[in-house]
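Have a look at the sequence and the 3D view first, and then we can walk through them together.

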Protein chains: 2
Amino acid sequence: LEPASDQQATRRDEILAIAADCFGREGFDATKWAEIAEPAGIGETALYHYFESKNHCLFTLLARSLGEWATTYESVLRSGMAPADALATVVEATFSITDAAAIENRLLVHEQGKLSTSRASGREEATRLEALAAARRIERVWVDFLLDAMRQQAIPVGDPHLLARAVIGLLQSVWNWYRPAGSYELGDLGRFYTDATARLVGLRS
Amino acid sequence: LEPASDQQATRRDEILAIAADCFGREGFDATKWAEIAEPAGIGETALYHYFESKNHCLFTLLARSLGEWATTYESVLRSGMAPADALATVVEATFSITDAAAIENRLLVHEQGKLSTSRASGREEATRLEALAAARRIERVWVDFLLDAMRQQAIPVGDPHLLARAVIGLLQSVWNWYRPAGSYELGDLGRFYTDATARLVGLRS
């Protein structure tokens, strides 16, 4: 038997997985709180033990998703690989994901606009700030990487902040239209976006 | 005196302008229907004469905004200009806009995910489909332009659908972070994105 706190953490992860799938497939607004409680096998009241509100659950998902992307990007872009190799590796990692993660990415791009409005509730606001901090980590690691690539003359000198936002925007935009079992496979997208990102940053070949 | 139908159309445009500003600045979910009625100088009940719901009002804004972008893109990208000139002109047009239009663009990128879920209400659904049709016009005009640029050997041959989505995604991503009176002016962004878009499509110099 797991200790109670581990059981709770496991249960919380199960609820998050169900919520990510519902929110991502049906849309956040269209999903009722009760629709998450039922497949999670708990009542709506018990659900409030884990999340204060539907928004708190959404922000928790966004903070986790952005935090995982920040960690992935940091591990590759700060690895000391040559810029061209690091770029190819990081774009490949972006598209080497499960269908569930692709649906979570769609949720992220659809709902991240909500992170720009502050919340009255303490727990919602704390989780919103956590998600924003992870988004800033993502921007910072790209800025540092691009600056370093400019110093190494692997890419032309330019504004690293604008270029970082352009690369992040380009890569994120995929999840607006990508659907598992649609016309494109993630492997095809990985190849296309590896070349597209290299062209966007002006990588010298 | 304007005829009643013109007066109604003018009033409807005033309401849309107020709604675009409120939704764009405070967020769609955070804006209450009453907050739009008050500055419009009408009661909540009268507001329902113009829009069935807050969602109907949002979809009307998205359909109008996407429709205007489709028309702008078509007028430049189908003008018969050389690909390099057409591309520079269209990106400049994207950033030669008012602050109010920039806020409306932010609303568009934050809320366009809602267009992927069908609605039960007839008027909401009709307006949603109108917005989706405008989004498809935007994609089509870019695909046609890129195909033609490939045939003219102005850009390398590749998948025009993926490339169109990449260009649209890159240009739209700006509105996620751009704020009037922020660190960047629209003129700077126009210059940066003209070069960035040219690199992304692989324009031969």
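What is the area buried between chain A and chain B? In this predicted model, about 2500 Å² is buried between chain A and chain B, and carbon and sulfur atoms give 61% of that area.

## Where the chains meet

Let's start with the contact itself. On the chain A side, 31 residues take part, and they touch 31 residues of chain B. Between chain A and chain B there are eight residue pairs in polar contact, with both residues at pLDDT 80 or more. Helices α8 (160–177) and α9 (186–201) of chain A each supply at least two residues of the side that touches chain B. The most comes from α8(A), which gives 10 residues to that side. Sorted by class, the side of chain A that touches chain B holds 13 nonpolar, 11 polar and seven charged residues.

How many salt bridges lie between chain A and chain B? The count is two. In a salt bridge between D29(A) and K114(B), the side chains come to 3.2 Å, N to O.

## How the copies are related

## The fold of one chain

Now for chain A on its own. Along the principal axes, the C-alpha atoms of chain A fill a box of roughly 60 × 40 × 35 Å.

Chain A has 205 residues, of which 52% count as buried. Taking the contacts in chain A between residues at least 6 apart in sequence, 71% join residues at least 24 apart.

## A closer look at H56(B)

Is H56(B) buried or exposed? H56(B) counts as buried because its relative accessibility is 4%, under the 20% cut-off. H56(B) sits in helix α4 of chain B, which covers residues 54–77.

The side chain of H56(B) reaches the backbone nitrogen of E52(B) at 3.0 Å. Apart from neighbours within four places in sequence, H56(B) is in contact with Y50(B), F51(B), R123(B), E124(B) and T127(B).

Methods: Residues numbered from 1 in each chain as written. Chains lettered and ligands numbered in written order. Predicted model: local features only at pLDDT ≥ 70, side-chain atom pairs only at ≥ 80, totals over all residues. Heavy atoms only, no water. Contact = heavy atoms within 4.5 Å. Buried area = accessible area lost by both parts, 1.4 Å probe. Salt bridge = Lys/Arg side-chain N within 4 Å of Asp/Glu carboxyl O. Polar contact = N/O pair within 3.5 Å; in protein donor to acceptor, adjacent residues only side chain to side chain. Helix = DSSP H or I, 4+ residues; strand = E, 2+ residues; numbered from the N terminus. Nonpolar A, V, L, I, M, F, W, Y, C, P; charged D, E, K, R; others polar. Buried < 20%, exposed > 50% of the residue type's maximum accessible area, 1.4 Å probe, protein only.
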